[in-house]
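Visitor: Could you show me around this structure and explain the words you use on the way?
Guide: Gladly, here it is.
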Amino acid sequence: EGNCIMWLGPLNTHGYGIISNQVEGKQKFVLAHRLAYEGAFGQIPLNHVIHHLCEARACVNPKHLFVTSRAEHRKIHEETKFREGLCQRGEHRLEGSNLVSRPDGRRECRLCSNAAGRKRYWIKKQRKQD
(Lines give C-alpha, C1' and ligand atoms only; values in the text may rest on other atoms or scores of the structure.)
Protein backbone atom coordinates (compact mmCIF):
# COMPACT_ATOMS: atom_id res chain seq x y z
CA GLU A 1 0.00 0.00 0.00
CA GLY A 2 3.02 2.27 0.04
CA ASN A 3 4.68 4.34 2.70
CA CYS A 4 2.97 6.88 4.90
CA ILE A 5 2.74 10.39 3.55
CA MET A 6 3.22 12.47 6.67
CA TRP A 7 1.55 15.88 6.99
CA LEU A 8 4.26 18.51 7.36
CA GLY A 9 1.94 21.36 8.33
CA PRO A 10 0.54 22.10 11.80
CA LEU A 11 -0.89 19.33 13.98
CA ASN A 12 -3.73 19.55 16.47
CA THR A 13 -3.32 18.44 20.09
CA HIS A 14 -4.16 14.84 19.11
CA GLY A 15 -1.47 14.65 16.42
CA TYR A 16 -3.72 15.00 13.35
CA GLY A 17 -2.74 17.34 10.52
CA ILE A 18 -4.88 20.46 10.29
CA ILE A 19 -5.55 23.05 7.62
CA SER A 20 -6.84 26.48 8.58
CA ASN A 21 -9.03 28.61 6.35
CA GLN A 22 -11.43 31.53 6.60
CA VAL A 23 -15.14 30.78 6.17
CA GLU A 24 -17.54 33.72 6.42
CA GLY A 25 -14.96 35.70 8.38
CA LYS A 26 -14.33 32.93 10.92
CA GLN A 27 -11.28 30.72 11.15
CA LYS A 28 -12.15 27.05 10.54
CA PHE A 29 -9.91 24.01 10.82
CA VAL A 30 -10.12 20.96 8.57
CA LEU A 31 -8.40 17.67 9.35
CA ALA A 32 -5.85 16.98 6.63
CA HIS A 33 -6.51 13.23 6.46
CA ARG A 34 -10.24 13.84 5.89
CA LEU A 35 -9.43 16.23 3.07
CA ALA A 36 -7.02 13.67 1.55
CA TYR A 37 -9.70 10.95 1.71
CA GLU A 38 -12.36 13.18 0.14
CA GLY A 39 -9.95 14.23 -2.60
CA ALA A 40 -9.28 10.59 -3.50
CA PHE A 41 -12.63 8.88 -2.87
CA GLY A 42 -15.36 11.49 -2.50
CA GLN A 43 -17.55 12.73 0.34
CA ILE A 44 -17.44 11.05 3.75
CA PRO A 45 -20.90 9.81 4.79
CA LEU A 46 -22.63 11.60 7.65
CA ASN A 47 -21.74 10.24 11.13
CA HIS A 48 -18.69 8.41 9.79
CA VAL A 49 -15.00 8.92 10.49
CA ILE A 50 -11.74 8.10 8.73
CA HIS A 51 -9.52 5.39 10.21
CA HIS A 52 -5.77 5.19 9.58
CA LEU A 53 -4.78 1.61 8.76
CA CYS A 54 -1.19 2.60 9.50
CA GLU A 55 -2.16 4.11 12.90
CA ALA A 56 -0.07 7.21 12.06
CA ARG A 57 -2.36 10.14 12.83
CA ALA A 58 -0.42 12.61 10.68
CA CYS A 59 -0.50 10.31 7.62
CA VAL A 60 -2.46 11.63 4.63
CA ASN A 61 -1.83 8.73 2.22
CA PRO A 62 -5.34 7.92 0.86
CA LYS A 63 -4.34 4.24 0.55
CA HIS A 64 -3.97 4.13 4.36
CA LEU A 65 -7.42 5.62 5.05
CA PHE A 66 -10.85 4.03 5.16
CA VAL A 67 -14.27 5.22 6.21
CA THR A 68 -16.06 3.63 9.17
CA SER A 69 -18.85 4.39 11.61
CA ARG A 70 -17.96 6.11 14.88
CA ALA A 71 -18.93 3.00 16.88
CA GLU A 72 -16.80 0.69 14.73
CA HIS A 73 -13.88 3.15 14.89
CA ARG A 74 -14.05 3.24 18.70
CA LYS A 75 -14.17 -0.57 18.78
CA ILE A 76 -11.12 -0.84 16.49
CA HIS A 77 -9.12 1.50 18.74
CA GLU A 78 -10.17 -0.19 21.96
CA GLU A 79 -9.19 -3.60 20.61
CA THR A 80 -5.86 -2.32 19.31
CA LYS A 81 -4.94 -0.54 22.54
CA PHE A 82 -6.10 -3.52 24.63
CA ARG A 83 -3.86 -5.88 22.64
CA GLU A 84 -0.94 -3.50 23.05
CA GLY A 85 -1.62 -3.09 26.79
CA LEU A 86 -2.09 0.66 26.38
CA CYS A 87 -4.78 3.05 27.58
CA GLN A 88 -7.40 4.32 25.11
CA ARG A 89 -5.28 7.37 24.30
CA GLY A 90 -2.32 5.06 23.69
CA GLU A 91 -0.07 7.04 26.01
CA HIS A 92 0.27 4.87 29.13
CA ARG A 93 0.73 1.20 29.96
CA LEU A 94 -2.30 -0.41 31.59
CA GLU A 95 -0.53 -2.26 34.37
CA GLY A 96 0.21 -2.11 38.07
CA SER A 97 -1.03 0.93 39.95
CA ASN A 98 -2.01 2.66 36.67
CA LEU A 99 -4.71 0.06 35.94
CA VAL A 100 -8.16 0.74 37.37
CA SER A 101 -10.71 -2.08 36.99
CA ARG A 102 -14.31 -0.86 37.13
CA PRO A 103 -17.20 -2.99 38.47
CA ASP A 104 -18.70 -3.16 34.95
CA GLY A 105 -15.50 -4.79 33.65
CA ARG A 106 -14.01 -1.71 31.98
CA ARG A 107 -10.29 -1.12 32.41
CA GLU A 108 -9.17 2.47 32.75
CA CYS A 109 -5.91 4.35 32.88
CA ARG A 110 -5.45 6.06 36.26
CA LEU A 111 -3.19 8.77 34.76
CA CYS A 112 -5.71 9.71 32.05
CA SER A 113 -8.61 9.53 34.50
CA ASN A 114 -6.81 11.83 36.96
CA ALA A 115 -5.89 14.26 34.17
CA ALA A 116 -9.52 14.39 33.02
CA GLY A 117 -10.64 15.05 36.60
CA ARG A 118 -8.17 17.91 36.94
CA LYS A 119 -9.36 19.38 33.65
CA ARG A 120 -13.02 19.22 34.79
CA TYR A 121 -12.06 20.87 38.09
CA TRP A 122 -10.29 23.80 36.40
CA ILE A 123 -13.07 24.29 33.86
CA LYS A 124 -15.65 24.37 36.67
CA LYS A 125 -13.48 26.77 38.69
CA GLN A 126 -13.03 29.04 35.65
CA ARG A 127 -16.81 29.12 35.02
CA LYS A 128 -17.41 30.19 38.63
CA GLN A 129 -14.95 33.09 38.22
CA ASP A 130 -16.63 34.28 35.00
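Guide: Helices (H or I, at least four residues) and strands (E, at least two) are DSSP runs, numbered from the N terminus. This is a predicted model, where local features need pLDDT of at least 70, side-chain atom pairs count only at pLDDT 80 or more, and totals for chains, interfaces and linings use all residues. Residues are numbered from 1 along each chain as its sequence is written, and side-chain values use heavy atoms, with hydrogens and water left out.

Visitor: Why is Ala 56 called buried?
Guide: Buried means under 20% relative accessible area, exposed over 50%, and partly exposed in between (1.4 Å probe, protein chains only). Ala 56 has 17%, so Ala 56 counts as buried.

Visitor: What is Ala 56 in contact with, leaving aside its neighbours within four places in sequence?
Guide: Cys 4 and Met 6; contact means heavy atoms within 4.5 Å.

Visitor: What makes E3 largely enclosed by the rest of the structure?
Guide: Four of the five residues of E3 are buried, so the strand is largely enclosed.

Visitor: How do you know that E3 and E4 pair?
Guide: Two strands pair if DSSP finds at least two bridges between them. E3 and E4 have five bridges, in the antiparallel sense, so by that definition they pair. One of the bridges joins His 48 to Ser 69 in E4.
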